[in-house]
Amino acid sequence: MRRHYTYYPGCCRDGNGMAYTLSLLAVAKMIDLDLIELEDWNCCGSTPQASVSEVASLCHSSRNLALAEKKGLDIVTECSDCYLMLNKTNRHFQENTKLKAILVTALAAAGLEYHGTMRIRHILDVIANDIGCEEIKSKVKVNLGELKVAPYYGCQVVRPLPSFDHPDYPQSLDKLVESLGAKVTPFPLKTRCCGGSLVLSEEDLALQSIHRLLENAVSNGAELIVTVCPLCQANLDLYQGKVNKKFKTNYKIPVLFFTQLMGIAFGIDNKALGIERCIVPADKVLAKSLQGARGG
Amino acid sequence: METKEKETKAFIDEICSIPGGEKIRLCIQCGTCSASCPNVNKMDYTPRQLIAMARAGMRDAVLSSNSMWCCASCYLCTVRCPRDIRPTELMHALESMAIKYPSKNTSITTPAMYASFSDFVYSLGNVPDVGFMTLYYLRSNPLRALKMLPVALSLLRHRRLFIKTRRMKPEAERQLKTIVDKAEELAGRI
């Protein structure tokens with residue numbers, strides 16, 4: 001069964017998180033997922049915009065929601081921050097009459113309207129719950145062997161609004177990784193913050209968070225971390241070297257988007273999945289696990 | 001009412017008038033937010049203390065502190081707060097006040113980072129990584145840009161940083177600006 005969604009990639013698609021989109025689109029083809037990109041979408045404004053002006057930040061998501069509502073499909077995004085901003089704005093349309101009045105008038109000034117009917121989805125939710133683990137399992141072609149994976153959710157995919165999983169102990173990604181044939185390692189800090197964009201302005205603070213996460217994943221036996229958020233991936237991957245320097249550690253754990261791991265299990269070529277875009281190289285860990293699987 | 005009391009009330013009222021700040025009066029000072037916060041050890045005052053200080057009308061101490069700028073918006077406090085005051089959004093509300101406040105604390109560069117991001121979001125509806133970073137370092141500490149050079153080069157080498165970025169159609173950019181301007185105007189009136 002083909003499933004159709006309005007697709008909101010967010011800004012990460014055109015930069016740092018390009019491998020997420022590449023791998024998602026490659027995987028989507030194999031699980032009959034039609035992601036129809038929202039035309040002329042704008043940035044969600046993210047946390048920085050909400051901190052400068054909450055009202056302005058709501059306007060950004062309001063415009064995207066207004067454009068998406070006309071399409072009549074659920075809107076799906078791969079970025080946890082975009083997911084949160086869309087959800088937050090939607091909630092105001094449903095609950096906050098004062099803010100809703102402002103946003104409705106502002107949209108009307110630009111010839112748009114939004115009625116608060118959209119269902120906002122994260123791509124993890126769509127893959128884990130609409131497609132489901134059984135179907136995922138049936139597409140697996142490559143034995144991942146004993147690859148030990150720490151499933152990292154980060155914060156905004158499960159918080160603050162009631163969503164598709166538990167805010168502290170979510171399971172969807174764990175189950176998904178298992179259905180790909182990898183081994184899920186315990187990861188008590190799987191919903192702890194990576195420091196987000198503060199890595200730019202408060203580097204010490206963010207490095208402390210990143211260090212905590214790497215330590216927790218590695219000490220529980222993980223050889224690889226998978227994430228669902230472009231910012232989490234960037235922080236854990238790009239700043240691993242700085243963590244090592246600051247805390248005198250020697251972490252070399254690759255950090256993949258979960259869609260990249262899906263692609264590997266589905267037998268898609270590494271290049272099409274953007275694996276070489278990881279700063280901490282993933283090929284050795286992957287080769288070892290695949291070889292082990294073949295040998296066994 | 002005495003002047004001090006008036007000032008205190010005015011400060012709390014101002015916080016309450018910003019989306020996200022409405023529920024500050026409901027706080028029971030249980031400290032669940034402070035205990036949940038992953039970044040609390042870097043803050044001048046814990047979230048609980050900051051709320052108490054705000055309600056005591058300590059405008060200067062609150063708005064000059066680094067506390068809200070250490071919030072990474074992980075929302076752990078928000079899902080745990082027994083009074084549902086949504087401390088994360090309260091932090092955002094305090095940030096939006098602090099960004100306009102002439103603080104003597106120049107060591108905090110998060111406001112410059114957020115403002116740079118926000119300026120691009122407003123003018124282009126998009127945030128080009130290179131432009132945003134350049135603007136931020138120019139505004140905060142140009143020397144730090146040198147330290148970031150290895151990071152930027154690593155990103156370039158792994159094809160994760162692009163000079164040329166996506167632009168919305170000009171009419172879409174204008175449409176977005178119209179919405180934001182109108183909403184800001186209306187919010188200012190209320």
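**Entry 1: the interface**

The contact (heavy atoms within 4.5 Å) takes 70 residues from chain A and 65 residues from chain B.

I wrote down that this is a predicted model, in which local features need pLDDT of at least 70 and side-chain atom pairs count only at pLDDT 80 or more, while totals for chains, interfaces and linings use all residues. Residues are numbered from 1 along each chain as its sequence is written, chains are lettered from A and ligands numbered from 1 in the order in which they are written, and side-chain values use heavy atoms, with hydrogens and water left out.

**Entry 2: charges across the interface**

I searched for salt bridges (a side-chain nitrogen of Lys or Arg within 4 Å of a carboxyl oxygen of Asp or Glu) and the rule finds 6 of them across the interface of chain A and chain B. In one salt bridge the side chain of Arg159(B) meets that of Glu276(A), at 2.5 Å from N to O.

**Entry 3: the cores**

I looked next for nonpolar cores, which are sets of buried Ala, Val, Leu, Ile, Met, Phe, Trp, Tyr and Cys residues joined through side-chain atoms within 4.5 Å, where buried means under 20% relative accessible area, exposed over 50%, and partly exposed in between (1.4 Å probe, protein chains only). The largest has 76 residues, and Leu200(A), Ile225(A) and Tyr239(A) have the most contacts inside it. Apart from this core lies another, of 48 residues, with Leu124(A) and Leu261(A) among them. Leaving out residues up to four places away in sequence, I found that Tyr239(A) touches residues including Leu200(A) of its own chain and Met148(B) and Val151(B) of the other.

Cys79(A) is in no disulfide, and the nearest cysteine sulfur, that of Cys82(A), is 3.8 Å away. Cys71(B) is likewise in no disulfide, with the sulfur of Cys77(B) the nearest at 6.3 Å.

Terms used: Disulfide = S-S within 2.5 Å.
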